[in-house]
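I opened a new page in my notebook for this structure.

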Amino acid sequence: MISFIRTLLLYTMAFFATLTIGSTVIVAALLGVKDKPGGLFDNAPRWWSSLILWATGIRVRVHGMENVQGVGPHIFASNHVSWFDVPALAKILPHYKFVAKAELFKVPIFGPGMRSVGMIEIQRENRKAAFGAYDVAAERIRGGASVVVFPEGTRGRAYPLRPFKKGPFVLAIAAGAPIVPIIVHGTIEIMPKGSLRVHPGTIDVHLLKPVNTTGYDYDHREALMEAVRTRMADAMREFYGIDSPPSPPSRLTSSRELLSSDNLPTETR
């Protein structure tokens with residue numbers, strides 16, 4: 001019964017929060033309101049997410065916030081297993097833009113609202129268009145905003161990490177921004193992939209130590225990807241006893257080759 005009530009509250013709150021906050025940011029964008037830290041476009045996703053989490057009785061517990069206190073924007077790279085990963089991250093991260101699938105931008109009010117606040121549309125099935133989205137993301141970073149990516153590409157059904165896409169790491173190298181790996185745990189129990197029902201609970205968000213991209217270039221993108229994935233897999237094992245399979249053989253072999261002393265960026269040798 002509690003789950004049923006919370007589920008009704010979820011969809012009711014999502015409708016009204018989207019209608020009011022979405023309409024507000026759309027009008028504000030048309031009026032030329034500027035995007036800045038602490039401004040309307042920065043806070044609107046945080047307000048929307050906070051309302052959703054409040055209505056569904058979900059608590060977010062943050063670990064490692066000191067790892068994002070440095071100067072300048074970051075790239076936040078998170079695992080992805082539930083729809084609730086997004087509001088959990090949106091509530092607690094500083095000045096950010098999500099890279100989100102193109103289908104979301106087609107939802108009435110919600111999609112235009114996302115576009116108005118500066119979220120980045122990615123067409124996952126179109127490789128060329130996907131890399132174009134990362135060009136837009138690099139512009140957002142140069143403008144001072146952090147970017148949130150899900151390197152697994154889409155939601156999974158279990159916590160072990162799946163293979164990563166290379167695009168986010170090409171972005172990180174091009175932007176010269178440090179990557180903050182993130183582990184989100186507890187969202188499968190709240191709403192697993194394929195479910196429309198929500199269960200109240202607690203989400204744990206672990207912000208891990210940043211991986212510096214200085215010294216990496218395009219040829220070292222897989223080494224960077226493997227370094228971030230390894231840090232996340234180690235944290236998942238340490239905090240929750242969950243083992244992740246290694247990267248696919250072709251990627252793992254490439255990363256090992258790149259990690260040889262002859263191929264590593266100078267500062268990592």
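**Ground rules.** I am working with a predicted model, where local features need pLDDT of at least 70, side-chain atom pairs count only at pLDDT 80 or more, and totals for chains, interfaces and linings use all residues. I number residues from 1 along each chain as its sequence is written, and side-chain values use heavy atoms, with hydrogens and water left out.

**The sheet.** I looked up the strand order and found an open sheet of 7 strands, β1-β7-β6-β2-β5-β3-β4, with mixed pairing. Strands (E, at least two residues) and helices (H or I, at least four) are DSSP runs numbered from the N terminus, and two strands pair if DSSP finds at least two bridges between them. β1 (58-63) and β4 (120-122) are at the edges with a single partner strand each, so one side of each has no neighbour in the sheet. On average, neighbouring strands here are turned by 25° against each other, direction ignored.

I picked β2 (residues 75-78) and β6 (residues 179-185), which pair in the parallel sense over 4 bridges. Phe76 stands opposite Val180 in β6.

**Helices on the sheet.** Helix α2 (residues 40-55) packs on the sheet and touches β1 and β3 (96-101), making about 65° with the direction of β3. I take contact to mean heavy atoms within 4.5 Å; axes are lines fitted to C-alpha atoms, for helices over the stretch in contact, and angles run from 0 to 180 degrees between N-to-C directions. Helix α5 (residues 127-142) lies across β2, β3, β4 and β5 (146-149), at about 165° to β4.

**Ser146.** Is Ser146 buried or exposed? I found this residue in strand β5, and it counts as buried because its relative accessibility is 5% (buried is under 20% relative accessible area, exposed over 50%, partly exposed in between, with a 1.4 Å probe and protein chains only). Not counting residues up to four places away in sequence, Ser146 touches Pro73, His74, Phe76, Pro94, His95, Tyr96 and Lys97.

**α5 against α6.** Next I checked α5 and helix α6 (residues 167-175), which pack at about 35° with axes 10 Å apart. The contact includes Phe131 and Tyr134 of α5, and Pro168 and Leu171 of α6.

**Pro168.** This residue of helix α6 also counts as buried, at 3% relative accessibility. Leaving aside neighbours within four places in sequence, I see Pro168 in contact with Ile75, Tyr134, Val149 and Pro151. Pro168 and Glu152 are 16 residues apart in sequence and 9.9 Å apart in space, C-alpha to C-alpha.
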